[in-house]
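Welcome, and thanks for taking a look at this one with me. Below are a few numbered points to read alongside the structure.

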Amino acid sequence: MIHTLLTHHGSHHLPAEVIFEHEGVFIHPGSDEDGIEQDLIISGSLRIVDKDAEIHVEYRPLEDTVDPTNMLYAGKDSSSVMEWDQVSGERNQQVLETQQSYETEWDMVNTVSFKKRPCSNTECCVNHNHERNLLNFNITELKSVTVKKEGWTFLIFRLKDSAAALPALHFHQGGSSEFLDSLKRFTLLMEAPEDETCLLVSTPNRALSQSFENLIDENNLGLMTKLKKDPYVTTLGGFSKVTNYIFDAFRGSEEQHQRPPEEVADLLGEVIPGLEINQLEEPGFEVITRIDLGERPQVLRKPPVSVEDWSRHQDSEGRMRDVPHLKQAVFKGGLCHAVRKEAWKFLLGYFSWDSTLEERKVLQRTKTDEYFRMKLQWKSVSEEQERRNSRLRDYRSLIEKDVNRTDRTNRFYEGIDNPGLVLLHDILMTYCMYDFDLGYVQGMSDLLSPILYVMEHEVDAFWCFVSFMDQMHQNFEEQMQGMKTQLIQLSTLLRLLDLAFWNYLESQDSGYLYFCFRWLLIRFKRELSFQDVLRLWEVMWTGLPCQNFHLLVCCAILDSEKQKIMEENFGFNEILKHINELSMKLDIEGILQKAEGICFQIQNCKELPRSIRTILGLESDQRSSERAERSAPPTATERPEGCSNGHLRESCSPGSGSVAFIS
């Protein structure tokens with residue numbers, strides 16, 4: 001159970017979240033591990049606590065079990081727990097006086113005293129409340145955990161700056177496995193090569209447990225600085241935090257050699273559940289060797305679709321005519337802004353292309369009623385009810401936090417008490433009622449913001465957002481299956497297009513392409529200017545010229561940057577830095593032109609691997625062509641709407657040799 005408490009931090013009271021708590025954990029301060037003196041056993045509770053976004057392990061003795069004649073003491077000049085000495089009875093008063101004479105880092109009272117590192121008054125304080133904490137350390141300071149059994153399990157902690165171990169914690173009544181499982185949510189525990197009872201601790205997972213928050217929040221680099229001393233740390237954006245934490249887990253300590261591929265794959269699964277990528281090929285993928293794709297065709301972009309162009313494609317009752325031609329025009333040039341409010345409803349599937357104007361009015365009335373019924377559900381929840389609904393409370397907290405930092409430089413959302421922010425908040429809260437299983441995940445506000453900007457209408461924006469989230473849903477699910485699939489697909493495409501470049505990235509520990517994580521997660525929302533995002537999204541929503549066109553957009557960007565990356569021999573950190581610095585510097589029209597050329601280049605290849613055909617949806621095109629050649633007269637076959645960009649939901653039989661991708 002997770003609950004909150006108040007921790008004393010000077011005169012401030014900061015809410016803390018108890019992630020794990022187990023009573024009946026014992027310390028044997030007056031004995032070694034071979035001979036237990038029961039009268040000196042200290043009983044207490046063990047906790048894992050989230051204090052202001054930092055994870056601490058705390059051991060609190062019960063009031064009546066502490067033996068004041070047996071205390072552990074760290075010299076007052078220690079900046080951490082450097083040496084542990086038994087303290088005799090006559091030194092008890094000296095220890096207590098020492099605690100009052102300087103600031104304490106560990107909030108230790110009566111049993112252990114620690115010297116605080118020099119810091120400002122805003123960073124630390126004296127514990128005047130004599131809170132009974134025997135042990136308290138940040139998990140980032142934890143070096144290893146030794147697990148031993150002697151009729152029961154006991155754990156021995158070692159800190160990075162300490163030569164000696166902390167006192168062992170004995171789980172006489174069980175609970176050690178549950179504690180370690182909770183610890184694994186925020187750390188990586190790896191068995192030491194020389195001692196199978198010793199688990200080495202790596203702490204990348206704090207950022208990854210909040211991957212979306214750290215991914216999106218580019219201003220919060222404090223945790224990054226603490227966990228990874230890196231020459232490029234001040235230049236890396238939020239998305240590269242995720243990549244760096246993953247890389248830390250892969251690389252291990254400096255004393256260790258590079259991890260073998262199979263261990264990298266295992267660690268990847270621990271870091272982001274569901275994102276484990278087998279070092280072997282995924283089922284259905286053949287190994288891609290060098291293939292001559294031929295010359296890349298030159299393509300041209302066209303002007304955006306105007307109001308007059310759009311009107312010409314409507315009949316007298318408002319039905320859209322010649323839809324394939326209209327989609328092609330949108331793909332080649334995008335839309336002028338005056339058309340977007342209506343056209344996006346069709347492109348996203350809110351309106352049917354063959355619906356009449358009257359049918360759309362009826363639909364809007366029905367959808368308006370449905371929206372406000374859902375909105376009323378959360379609006380009518382009282383404060384007392386919400387106190388007993390932790391999920392709704394958490395969703396609201398995340399939404400309020402994200403809304404206040406989403407596109408605030410855009411005129412539509414800038415300023416205090418902006419009505420656009422209220423609509424953004426209300427739509428996201430209502431979406432939690434629409435899809436309570438998913439609720440709200442950080443990053444979703446980035447997907448709604450451009451839609452609300454274009455629609456300028458709460459109900460229409462909501463249903464268009466619902467349609468977009470139908471495509472993006474798996475990106476935000478807990479197992480992140482959509483992200484795993486897309487990264488595999490992108491890696492496969494890049495190997496086909498430029499094997500030499502892919503091999504170079506692989507040699508720099510970048511073969512998994514995690515620097516593309518944010519591109520895929522929120523569809524380039526943080527890489528392009530706001531207006532360029534509008535253009536890119538409407539082009540991708542046409543579903544042309546192939547399935548998963550957004551992956552070819554990634555390939556086009558990487559193709560433009562590969563020469564600089566390879567010629568300047570960029571390593572892992574330089575690649576991250578370079579990719580991050582591309583934000584707001586990309587030419588969207590040039591990227592779309594190159595991506596379209598790449599698509600035609602691939603389509604023109606006669607001996608294309610089946611995996612590529614599956615990713616781009618070309619197998620169905622090929623089958624359609626073969627059927628057309630056998631039939632008379634030939635008929636044109638349009639790709640089904642269900643296979644629009646990023647959304648192939650097809651199951652293949654095991655014997656077919658192909659796989660289904662859901663991205």
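How are helix 17 and helix 21 set to each other, and why? Keep in mind as you look that this is a predicted model.

1. Helix 17 covers residues 481-497 and helix 21 covers residues 549-567; they pack at an angle of about 50°, and their axes lie 10 Å apart. Angles of 65 to 115 degrees count as roughly perpendicular and those under 35 as roughly parallel, and helix 17 and helix 21 are therefore oblique to each other. The crossing of helix 17 past helix 21 is right-handed.

2. Now for the residues that meet there. Helix 17 brings Gln486, Gln489, Leu490, Leu493, Leu494 and Leu497 to the contact, while helix 21 supplies His550, Leu551, Leu552, Cys554, Cys555 and Leu558. By type, the residues of this contact between helix 17 and helix 21 come to nine nonpolar and three polar, with no charged ones.

3. A second pair is worth a visit. Helix 10 (residues 337-347) packs with helix 15 (residues 444-455) at an angle of about 115°, and 9 Å separates their axes. Helix 10 and helix 15 are therefore roughly perpendicular to each other. Helix 10 goes past helix 15 in a left-handed crossing.

4. Here is who takes part in that second contact. From helix 10 come His337, Arg340, Lys341, Trp344 and Lys345, and from helix 15 come Pro450, Ile451, Tyr453, Val454 and Met455. The contact of helix 10 with helix 15 has six nonpolar residues, one polar and three charged.

5. Next, please find helix 14, at residues 419-434. From first C-alpha to last, this helix of 16 residues reaches 22 Å, close to the 22 Å expected at 1.5 Å a residue. Helix 14 is mostly covered, with twelve of its 16 residues buried. Among them are Gly420, Leu421, Leu424, His425 and Asp426, as well as Tyr431, Cys432 and Met433.

6. What do the buried residues of helix 14 pack against? Their partners are helix 11 (357-379), helix 13 (390-403), helix 15 and helix 16 (458-476).

7. Finally, step back to the whole chain. The protein chain holds 25 helices and 13 strands. It has 663 residues, of which 56% count as buried. Among its contacts between residues at least 6 apart in sequence, 65% join residues at least 24 apart.

Terms used:
Residues numbered from 1 in each chain as written. Predicted model: local features only at pLDDT ≥ 70, side-chain atom pairs only at ≥ 80, totals over all residues. Heavy atoms only, no water. Axes fitted to C-alpha atoms, helices over the stretch in contact; angles between N-to-C directions. Helix = DSSP H or I, 4+ residues; strand = E, 2+ residues; numbered from the N terminus. Parallel < 35°, antiparallel > 145°, perpendicular 65-115°, else oblique. Left-handed = near helix turned anticlockwise from the far one by under 90°. Contact = heavy atoms within 4.5 Å. Nonpolar A, V, L, I, M, F, W, Y, C, P; charged D, E, K, R; others polar. Expected span 1.5 Å × (residues − 1). Buried < 20%, exposed > 50% of the residue type's maximum accessible area, 1.4 Å probe, protein only.
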